[in-house]
Amino acid sequence: CLANPHKPQYGGGIIINPELNHGLRGWSTFGNAKIEQRVLEDNKYIVAHSRNQPEDSISQKLYLQKDKLYTFSAWIQVSDGDFPVRAILKTTTGFKHVGTVFAKSKCWSMLKGGLTVNASGPAELYFESKNATVEIWVDSISLQPFTQEQWKSHQDQSIEKSRKRKVRIHAFDQQGNPLPNASISIIQKKVSFPFGTAINKNILTNTAYQNWFSSRFTVTVFEDEMKWYTTEPSPGQEDYTAADALLQFAKKNSIPVRGHNVLWDDPSKVQGWVSSLSPTDLAVAVKRRINSVMSRYKGQVIAWDVVNENLHFSFFEDKLGSTASATFYNGAQGIDGTTTLFMNDYNTIEDSRDGLSTPDKYIQKLKQIQSFPGNKNLKQGIGLESHFSIAPDLAYVRSSIDTLASTGLPIWITELDIASALGQQAQAQYLEQVLRELHAHPKINGIIMWSAWKPGGCYQMCLTDNNFNNLPTGNVVDKLLREWGSGLKGTADGEGFFEASLSHGDYELKISHPNVTSSSLAQSQRFETLICFPEVIANLHPRARSCPQKIRDGERMSYI
């Protein structure tokens, strides 16, 4: 929240008079508000006042083009208090919710959003706030269109920068002489980016399921087996048998596990005996639950979803008070404070219409939890379930993650799926679009799909049939795994050098040359693109020492 707004992104894009330097040109009244230009310390901005309805504000008429992706931003202030302000585009096919910000008085907050339109035509941009008594101040407005090709190009650039590493290999013999035209083979043994899917107890007795899963994924979560209603269906009758067995399976296959979940704020997911407890008894039971599951698996999971869906639901808050979630995180920190403690909720990136879980609402809840006494140094994380029930709006997805990333907290995609109601072909198409967007975003730390297999079908999205042959969605996963982690073969140049751009991960390197028979050269060498850059990754020659850092074309390169 700044004293003065930044300049509009992209010079305002297609917005007319984005900085209000030309009076009210391009702007008009929406609804029954009155509008005017104001100036404060040389900064010009537009104000909607005398409002009576939420939608009474300023507007600008635009023309949007089909299949373009639009990024939106504006700087917002309200005349009093702290209230959500939403940007909306009225189009020929309906209303598109572009983004929301908790605007404050006496300082400017950035509203960041995005949208994709499926039909060309006129549109009208306006703002709304449910509190019709406050003035809405707006400045530095921007709406920038991108073609599909431009968007894809940015994804590729981001992947090269954040998910890959440029590697330079130098092949030479025992005397240090270069080996021109040496054959280079690089095989990825493990990808570093955490990518996986949920599993359930069915995998424990199904070898085909085990083989299909373990040959692809590097992280997992249990569908139901660690949840409270599974581990304690009756008071005092705890049973961790299934969760224990699944954890052992994951350990055997060196696959990390997210702890999901400690508590669930949805009253429909709370077992009957818990629902019937008095507030006093509920507080005791919750404390026992947190201690039980977190002490049992402390040090064995990489994350904890401490309170699930506490933006949409409030079972525990209704029973124990408004600080219930903050109290639970405080207790969790005392048991396993070194593991990241996540919130986990849906529709933050999936659906801009859901006002309960906007990025700003999410951040507000995080701050509320952190402000609780004893939680100042809480190791927090952001869990985004990502259950897409409508066609994904990639521009909104990206802008929402950008906003959440401003917290500096780790962000995980925790339960990704595409609704089955959209159809099998659309499921696969949308899954690929979403996975590409999420993997390309540098602030996403891992992705887990919600595709645990059951004989009767998955929650919304299966990746295989019952014989573990890929469905179209499974083919998408395999296609992207090859893109994100395939090895390569090539030939060194006349000086023995070979350059490549490799995804972060563990690799096996083989070098061969017809003029060298040294057994040491023929042996495989293992290296990892993460552990040593921007210095040396690995040295194949026993006399080689740490190579100096090399700057090439403005990029740091790793050497082998």
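Predicted model: local features only at pLDDT ≥ 70, side-chain atom pairs only at ≥ 80, totals over all residues.
Me: Why are strand 5 and strand 10 called a pair?
Reply: Two strands pair if DSSP finds at least two bridges between them. Strand 5 (residues 69-78) and strand 10 (residues 136-146) have 9, in the antiparallel sense, so they qualify. A strand here is a DSSP run (E, at least two residues), and a helix is one too (H or I, at least four), each numbered from the N terminus.

Me: What makes helix 1 count as packed on the sheet?
Reply: Contact means heavy atoms within 4.5 Å, and helix 1 (residues 148-162) touches strand 5 and strand 10. Its direction makes about 95° with that of strand 10; axes are lines fitted to C-alpha atoms, for helices over the stretch in contact, with angles from 0 to 180 degrees between N-to-C directions.

Me: And which strands does helix 10 touch?
Reply: Helix 10 (residues 394-405) touches strand 5 and strand 8, at about 155° to the direction of strand 8.

Me: What makes strand 2 and strand 8 edge strands?
Reply: The open sheet runs 2-3-10-5-8, with antiparallel pairing. Strand 2 (34-40) and strand 8 (109-116) each pair on one side only.

How values were computed
Residues numbered from 1 in each chain as written. Heavy atoms only, no water.
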